[in-house]
Amino acid sequence: MKKLRERSDLLVGIVLMLVLVAFSFTGSVSFKHLVMKIIIMGLFALSLNIQSGWGGLRPLGHGLMFGLGAYTYAITTVRMGMNPYLAVLVTFVFTTLVALFLGYLLVRKSDDLAFSFLSMGFCTLTYTIILKTSYLGVDAGISGVPRLPIAASDNAVYVMTILVVGVAVLLIYLLSKSRFSWIFRAVRENKEKATCIGVDIVRVQLMGYVISGLFACVAGMLYTMKNNGAYTYSCSVQLSMEALIMCLLGGMNNFWGPVLGATIVTLFNTQVTNSTIYANFWLGILTLFVVMFMQGGILDEGLHDQIRGLLAKLNRKGTEKHE
């Protein structure tokens, strides 16, 4: 049963990718931009879930890594005139170095509360620096950011986004089946036991933070290319909190849970907002309902077992009445 479920996760991903690629031949430009935002935010939520779902960490400033990807690519291409391909490499290297430095500061005390609020502090600090620095575009951001030459048109960037996100999601899936993910989960469950069997907790959590940050960096670069610009929302605490909501809504213990949550939150932020001014109110109500009554998220297996049990119970009562 477990092997069947694992294969179904992979099969769902393949089917989703094929469906999204098929949309490249149809659909309006606005529809494709919506799909790109959904899958980019899905990758961002999956990157956060490496820390939250696997490692039990709760970063309140994960948007910083997303913003580093967005702004570093924008600065190197627009401000420095760097080749887009070289800019991508520079962005990866810079984000890795920053993630190593900040990650060590965050995890070295093994304090979950300090980790959460320090990450939020670094994110807020970066957001404020951008708002006050004209070189970084202040609140207007950096516009006119070039896309990669192979993805200059809207249709080309749509296909490239699907392929890059598809590869990234596959890597996360393979990583979730690796020895590292099980060690990371062991640290989440019991740090004392993990230490007793020789696990270096700081090293494991630091690796998880850096890996998570790099996938968020990819999402940030794709978001900048999609919009032809980098904007302050990309490194805000608001985006960080939305990513946590995505994971909570869909379910941190299911591989596709964060993607489902990202779809719901993105649709609320784009489509529902256009029809009502109370979109955030209803999203808040939905989040409260999930936290209070569906703590494992929408795709939680325990919830599904409870629903099946309830339906079976109702079916038995219905049968008894007919008899």
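The axes of helix 10 and helix 11 come within 7 Å and cross at roughly 120°, in a model that is predicted. Helices here are DSSP runs (H or I, at least four residues), numbered from the N terminus. Local features need pLDDT of at least 70, side-chain atom pairs count only at pLDDT 80 or more, and totals for chains, interfaces and linings use all residues. Residues are numbered from 1 along each chain as its sequence is written, and side-chain values use heavy atoms, with hydrogens and water left out.

- On the helix 10 side, the contact (heavy atoms within 4.5 Å) is made by residues including Glu242, Ile245 and Met246.
- Helix 11 brings in Gly257, Pro258 and Gly261, among others.

**Helix 11 itself**
- With 19 residues (257-275), helix 11 reaches 26 Å from its first C-alpha to its last, close to the 27 Å expected at 1.5 Å a residue (1.5 Å times one less than the number of residues).
- Its buried residues (under 20% relative accessible area, 1.4 Å probe, protein chains only) include Val259, Ile264 and Phe268.
- Covering these buried residues are, among others, helix 2 (29-54), helix 10 (237-250) and helix 12 (279-293).

**Over at Thr72**
- Thr72 sits in helix 3, which spans residues 63-79.
- Thr72 is buried, as its relative accessible area is 10%.
- Leaving out residues up to four places away in sequence, Thr72 touches Gly67, Thr91 and Phe94.

Definitions and conventions: Helices (H or I, at least four residues) and strands (E, at least two) are DSSP runs, numbered from the N terminus. Buried means under 20% relative accessible area, exposed over 50%, partly exposed in between (1.4 Å probe, protein chains only). Axes are lines fitted to C-alpha atoms, for helices over the stretch in contact, and angles run from 0 to 180 degrees between N-to-C directions.
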